[in-house]
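User: Could you walk me through this structure, one feature at a time? I would like to learn how each term is read before we look at the case.

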Amino acid sequence: MPAPTILALDGARRRGEATAARILDAAEALFAERGYHGTTLRDVAGRVGLRIPSLYNHFASKDALYAAVLARGIGPVVA
């Protein structure tokens, strides 16, 4: 049986991945509705129910978030 700390880290990692996916979902919808310039990180964080500093734990900037949204959307087409 794995040590409890490993299980805790694995659980935290999964929660972090789930939060990042929720952020991407919200950002994709907002960018589609309002465009890049009409969407703020505050808008994205609010839609996900996060504070902006928590959003920065997953994406370093609005540009990084936009790039991740594009990569997720275009990646399967390119592949």
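Analyst: Gladly; let's begin with tyrosine 36, which is partly exposed, with a relative accessible area of 23%. Buried means under 20% relative accessible area, exposed means over 50%, and partly exposed is in between (1.4 Å probe, protein chains only). This is a predicted model, so local features need pLDDT of at least 70 and side-chain atom pairs count only at pLDDT 80 or more, while totals for chains, interfaces and linings use all residues. Residues are numbered from 1 along each chain as its sequence is written, and side-chain values use heavy atoms, with hydrogens and water left out.

User: How is a pair of aromatic rings described?

Analyst: By two things: the distance of the centres and the angle of the planes. Rings of Phe, Tyr and Trp (its six-membered ring) pair if their centres lie within 6.5 Å; planes under 30 degrees apart count as stacked, over 60 as edge-to-face, and the rest as tilted. Searching the whole structure gives three aromatic pairs. One of them joins phenylalanine 31 and tyrosine 36, a stacked pair with 6.0 Å centre to centre and 20° between the planes.

User: Is phenylalanine 31 buried or exposed?

Analyst: Buried, at a relative accessible area of 9%. Phenylalanine 31 also pairs edge-to-face with tyrosine 66, at 4.9 Å centre to centre and 85° between the planes. Because phenylalanine 31 lies in helix H1 and tyrosine 66 in helix H4, this pair ties together parts that are 35 residues apart in sequence. Helices here are DSSP runs (H or I, at least four residues), numbered from the N terminus. Tyrosine 66 is partly exposed, at 30%. Phe31, Tyr36 and Tyr66 make up one aromatic cluster.

User: Which residue lies over the face of tyrosine 36?

Analyst: The rule is that a charge sits over a ring if NZ of Lys or CZ of Arg is within 6 Å of the ring centre and within 35 degrees of the ring normal. Here lysine 62 takes that place, at 4.2 Å from the ring centre of tyrosine 36.

User: On to salt bridges: what is the rule, and how many does the count come to?

Analyst: A salt bridge is a side-chain nitrogen of Lys or Arg within 4 Å of a carboxyl oxygen of Asp or Glu. The count comes to four. Take aspartate 25 and arginine 72, whose closest N and O atoms are 2.9 Å apart. Aspartate 25 lies in helix H1 (residues 4-34) and arginine 72 in helix H4, so the pair ties together parts that are 47 residues apart in sequence. Both partners are partly exposed, aspartate 25 at 44% and arginine 72 at 32% relative accessibility.

Glutamate 28 meets arginine 72 in a salt bridge as well, again at 2.9 Å, N to O. This pair ties together parts 44 residues apart in sequence, because glutamate 28 lies in helix H1 and arginine 72 in helix H4. Another salt bridge links aspartate 43 to arginine 34, with the closest N and O atoms 3.0 Å apart. Through shared partners, salt bridges join Asp25, Glu28 and Arg72 into one network.

User: What does threonine 19 touch?

Analyst: Contact means heavy atoms within 4.5 Å. Leaving aside residues up to four places away in sequence, threonine 19 touches Leu50 and His58. Threonine 19 lies in helix H1 and is buried, at 15%. Threonine 19 and valine 48 are 29 residues apart in sequence and 8.4 Å apart in space, C-alpha to C-alpha.

User: Finally, which residues make the nonpolar surface patch?

Analyst: Patches are made of residues with over 30% relative accessible area and no salt bridge; like charges are joined within 9 Å, and nonpolar side chains (Val, Leu, Ile, Met, Phe, Trp, Tyr) within 5 Å. Accessible areas come from the Shrake-Rupley method with a 1.4 Å probe, and for residues only the protein chains shown count as cover. In this model Leu70, Ile74, Val77 and Val78 make a nonpolar patch of about 400 Å². Valine 77 belongs to helix H4 (residues 62-78) and is exposed, with a relative accessible area of 71%.

Definitions and conventions:
Helices (H or I, at least four residues) and strands (E, at least two) are DSSP runs, numbered from the N terminus.
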